[in-house]
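The following report describes a predicted model of two protein chains for a reader who is new to structural analysis. Please keep the sequence and the structure in view while reading.

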Amino acid sequence: MTSPKRRPNRSRRPTPIPGTVLLFALCCLAAILSCSRDDAEEPVQQGEVPAGQAPNCVLLYPSAVDSEARFSTLPIYIDRLPERLQDMSAVIRRYLEGPVGADQFDPYPEGVGLRALYLLSDETLVVDLTGPVRSGGGTSTEVARVYGLVNTLCWNYTDLDGVRILVDGQEVKSLLGHLSLTAPLPPDPDLLSPLTRSRWRTREGR
Amino acid sequence: MRKILLAAMVLLLVSGAILGYDIQTDGGPVTIKETTHGGTRWIVASEVAAALGGRTFKNPGSGRPVLEVSGYRILFSTTTPVVSVNGKVVRLAHQPYLDGDLLWIPEEVLGHIHVRRRAPDPAVPPAPSAGVVLDLILSKDGTRLTLRGSGALSIPWDLEGSVLVVGGKGHQAIALSGASAPAGLVERAEPASPSVPATTIFFARGFRKLDTVRLRNPDRLVFLLKGSVEASNTIGSSLPPPPPSNQAFRPGPLVAPHERTPELDIVVLDPGHGGSDTGAKGPGGLQEKDLVLQICKILQETLSKNGFKVLLTRDSDRAMDLAMRTSYANSQQADVFVSVHLNASPSRMAKGTETYYHSTEATDQWAMKIADRENALVKRTNDREDLALVLWDLAQTRYIRESAVLAEMIQRSFNRLHSLKDRGVRQAPFAVLQGAQMPSVLLEVGFLTNPREAKLLASEEFQQQVADTFLKALLDFKEHHDQPETPAEP
């Protein structure tokens, strides 16, 4: 024997939703949104672009909202210089200043600067850094630090074959004891977020 | 002033002091620059050339540095520990490196071109280590000579054709022990005596060449003899029969240094960092170098109980050169090499296990563009030496393929480990995996910068779970590794 379903009393006046229930619902919504953020449409970062100008440079920083810290783009505007090496130097210096928002993080500690820059005949760029570039630890930190710069430079200068990193004018075997820096590194698009990777592949026939 | 002096001393200790290295030339001894890193002596290629009337230049085809001296032509690579000596590929224990325009090469290169380090002046009183008797041990199968004892790594040796002379005037006396000659590739040996302070080894007809491996704690210089022994000397069961009392030891089948037994048996675990290199730091003063050592010791115990022979690259808190870690695994003929680390990231979100394997190049179109250019270069120059190094690189791809399988199995196993998120298998050019002649991976167990994971990683209970998880993966890989390869269907 089943008990009859109680018919809802439609004549009763609806009670107002308590504040705690509303708060709970909002929290759930926020949690769902944040959890699905890895795979959903990625937020597009907005860099410093003066009014009336279009972005003319892309910086790649690790995402602070992705548990795998994949690189996403930060389109910015900088004054481009006619001399290629000076232009590259300006991009690197801007990169070392770090991202503008909280959704990306700066892989380089404060105080790291560009000491010198050389372009070899085989389209290998040698970036000589200075400052506490070897401080910290962890493979993820090192990957973010090395490939943030390598991928950014190869994104903006499509002729580059690879980037070699020196520290204080010296060759180093590794920054933090993991990645080998004894040879120029080609970019690694596998470290980019899905959206950024698709942009990488579609641009200029890559 | 005191502080400046102290700082200078510390700097010298850290960076390796620049010292003088005397080499013997026809015109007398010549002192060239020398530095030491990680217990290895390094000298400058151009100074060796200048001292011996040779030259250094860049190979026009590939741009690789070349040293031509005393009838030898050595082609170097600064990305692999492999050189080409008169067209033959030789693997060094250490990788040459460029410092500005200077190419620093490990001292062992001189052994390959038969350049002697100058013996101390007889008038000079012997060094404190002189007088110590070193043991020169011949392995039972006659394919390995091990010089053991203090000073073993600095003793001069010379190979002339099929005669090896170890020691010299003013150096330590050497006692020969182990299997009696003739055995394997050794025909006879004349031990050192008070009048002749050097041991002379005469190799058998099948001797082709030797490689050296330098090991520490205790200091050992190992000569790996290459060649073929006459059939009558090599046929036998896997266990050699006991030697007749009136006959020399009869050797078992020869195993070339880089050939492996069919079964996965030897595992070398490498606890990352050590000594002044602390690695990542976590809350409450946790340090990566300490925790990975703890984890590796538990891993060693767990794997040993399951029949694996497990060796650690370091079993205490000490610094170790990255290349030495792989060299150790190669010298032990390990079947698997795993470098164990803990991760760190500025991102608060970062968590989970990551398994990496070595890459010499990214696998996308960009790399193919460079590969095409390299291929064109090889065709254009027809440079056989470069080709030899390229072929060596190709041989590495077999290990890289197996490394990918091992990495997948480890990652899959860790995915199931409670509370660790899958971060997937990744490929990158790792210094510690470079030159490994076996499947090798770098395992980042978890993030020390994540407070929750740091707490777990510091607990013995979780460390045991990590060991059990790893064991599961290794058993899976062993099953894959030990099964005979089936020929591909036409």
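In this predicted model, 33 residues of chain A are in contact with 40 residues of chain B; two residues are in contact if their C-beta atoms, placed from the backbone, lie within 7 Å. On the side of chain A that touches chain B, the elements giving two or more residues are α3 and β6 (170-171) of chain A. The most comes from α3(A), with 4 residues. Helices (H or I, at least four residues) and strands (E, at least two) are DSSP runs, numbered from the N terminus. Sorted by class, this side of chain A has 13 nonpolar, 13 polar and 7 charged residues. Ala, Val, Leu, Ile, Met, Phe, Trp, Tyr, Cys and Pro count as nonpolar, Asp, Glu, Lys and Arg as charged, and the others, Gly among them, as polar.

As to conventions, residues are numbered from 1 along each chain as its sequence is written, while chains are lettered from A and ligands numbered from 1 in the order in which they are written. Because the model is predicted, local features need pLDDT of at least 70 and side-chain atom pairs count only at pLDDT 80 or more, whereas totals for chains, interfaces and linings use all residues.

The table sets out the two chains. A residue is buried if 20 or more other C-beta atoms lie within 10 Å of its own, exposed if 12 or fewer, and partly exposed in between, with C-beta atoms placed from the backbone.

| Chain | Secondary structure | Residues | Buried |
|---|---|---|---|
| Chain A | 4 helices, 6 strands | 206 residues | 35% |
| Chain B | 10 helices, 25 strands | 490 residues | 41% |

From the N terminus on, chain A runs α-β-β-α-β-β-α-β-β-α. Of the contacts in chain A with a separation of 6 or more, 63% are between residues 24 or more positions apart.

The largest nonpolar core has 98 residues, and A:Val146, A:Val163, B:Ile410 and B:Val441 touch the most other members. A nonpolar core is a set of buried Ala, Val, Leu, Ile, Met, Phe, Trp, Tyr and Cys residues joined through C-beta atoms within 7 Å. Helix α3 (residues 139-156) of chain A supplies the largest share of this core, 9 residues. Leaving aside residues up to four places away in sequence, A:Val146 touches A:Ile165, A:Leu175, A:Leu179 and A:Leu185. Another core, of 25 residues, lies apart from the largest one and includes B:Ala45, B:Val83, B:Leu103 and B:Val109.

In chain B, the axes of helix α5 (residues 288-305) and helix α10 (residues 460-482) come within 9 Å and cross at roughly 50 degrees. The residues of the contact of α5(B) with α10(B) divide into 9 nonpolar, 4 polar and 1 charged; among them are B:Ile298 in α5(B) and B:Phe470 in α10(B).

Two residues of chain A deserve a separate remark. A:Ala69 is not a glycine, yet has a positive phi of about 50 degrees. A:Ala69 belongs to the loop between β1 (57-62) and β2 (71-76) of chain A, and is buried, with 26 other C-beta atoms within 10 Å. A:Asp168, also not a glycine, has a positive phi of about 50 degrees. A:Asp168 is placed in the loop between β5 (162-167) and β6 of chain A, and counts as partly exposed, with 13 C-beta neighbours inside 10 Å.

Key:
Axes fitted to C-alpha atoms, helices over the stretch in contact; angles between N-to-C directions.
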